[in-house]
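Have the viewer open as you read.

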Amino acid sequence: MVDVPRQHPRPTARLRSVGDGELRLHHRVVHGYRRAYRMAGEGPALVLIHGIGDSSATWAELIPDLARTHTVIAPDLLGHGASDKPRADYSVAAYANGLRDLLSTLGIEQATLIGHSLGGGVAMQFAYQFPERTERLILVSAGGVGREVNPVLRAVSLPGADLALAALRLPGMRIQVGLVAHLMRLLDTDLGQDAPELLTLVDALPDATSRSAFIRTLRAVVDWRGQVVTMLDRCYLTQGMPTMLMWGDRDSVVPVRHAYGAHEAMPGSRLEIFEGAGHFPFHTDPARFLALVEEFTGTTSPADWSRDHWSDLLRAGRPGTAAGRPDTARSRAVERDLREASERSAT
């Protein structure tokens, strides 16, 4: 673990209880599409962004504790959960724009972002597009920092995936897949750690519209060779923004080595590894997750961005480059690694 420089803790916030009514889904229509979200608590804003195929329900058990000291906003991304599922742009850049617009309608101008899996990629993209609105980044098993991804997701990106997903909904097939998942868990495989959670994502795709939105989202970030979007080439821009990465060391979806690569690429970032956890460390050990979030938000100062600071970072470029061009053998190796990690970046 490497810590960012610590600040003196903020004064202890007044704790408040959260009623069940605050945890229910709310809805806002933005650009003609209904977007669902949960919102609870008072204090500095904390935005929870779920992963692909998931919804704000993944955070439900954590929201009451986080909402004691924060205003918590947990949206269902477009195409997910109870939000509309149009034939639309499901790229990470589009999700970042949609998140900005939803937060604007809720009167939230700045926030700490917590993103899981695809949501981690959306959080990084949001910080890249709107640094002045991002106070901190907490990335949990985040996508978008390497090519590798679970082979099942690569397969689902292929033609005919909609039929395969529909077949998994058949009672007999669902039982067989469940038995295989149980066997993998008994054999103590990494995929077995995540199989129950992943199967719940399949259950969350009850109809053709949901499956279509899922596949369109997946194909925006994954193809048969792996992840096709990366933020590694611009991670140096997080300099000065408090950033913490959390990862399970048995993640079968996004390998834990991505955590170490992202940590190295993000100046001053902090890395926390959850031993024995898979792709959902906040489900495996929610107490530790909550303690880390509270400690991190309480001991770091929000990023304070200016146009001049952003311009200075861009002009300086990534470490190991000069005037934006590689100038050493090491920097050429870094460039090669970046090309191998992904073929394009989200913009």
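Strands β1 and β2 (residues 33-40) run antiparallel and are joined by five bridges. One of these links His26 to its partner in β2, Tyr37. Strands here are DSSP E runs of at least two residues, helices are H or I runs of at least four, and both are numbered from the N terminus. Two strands count as paired when DSSP finds at least two bridges between them.

A word on ground rules: this is a predicted model, where local features need pLDDT of at least 70 and side-chain atom pairs count only at pLDDT 80 or more, while totals for chains, interfaces and linings use all residues. Numbering starts from 1 along each chain as its sequence is written, and side-chain values use heavy atoms, leaving out hydrogens and water.

Zooming out, the β1/β2 pair belongs to an open, mixed sheet of eight strands, ordered β1-β2-β4-β3-β5-β6-β10-β11. Its edges are β1 (26-30) and β11 (270-274), each pairing on one side only. From one strand to the next, the twist averages 25 degrees. Two helices touch this sheet (contact: heavy atoms within 4.5 Å). Helix α3 (residues 92-105) packs against β1, β2, β3 (45-49) and β4 (71-75), its direction making about 115 degrees with that of β1. Helix α12 (residues 286-299) lies across β3, β5 (111-116), β6 (134-140), β10 (243-248) and β11, at about 170 degrees to β11. Angles run from 0 to 180 degrees between N-to-C directions, with axes fitted to C-alpha atoms, for helices over the stretch in contact.

Now for the side chains. Two arginines sit over rings, meaning CZ of Arg is within 6 Å of the ring centre and within 35 degrees of the ring normal:

| Arginine | Ring | Distance to ring centre |
|---|---|---|
| Arg234 | Tyr128 | 4.5 Å |
| Arg288 | Phe274 | 4.3 Å |

Tyr128 also forms a tilted aromatic pair with Trp310, 6.2 Å centre to centre and 45 degrees between the planes. Rings of Phe, Tyr and Trp (its six-membered ring) pair if their centres lie within 6.5 Å; under 30 degrees between planes is stacked, over 60 is edge-to-face, and the rest is tilted. The two partners are 182 residues apart, with Tyr128 in helix α4 (residues 118-129) and Trp310 in helix α13 (residues 307-316). Tyr128 is partly exposed at 26% relative accessible area, whereas Trp310 is buried at 17%. Buried means under 20%, exposed over 50%, and partly exposed in between (1.4 Å probe, protein chains only).
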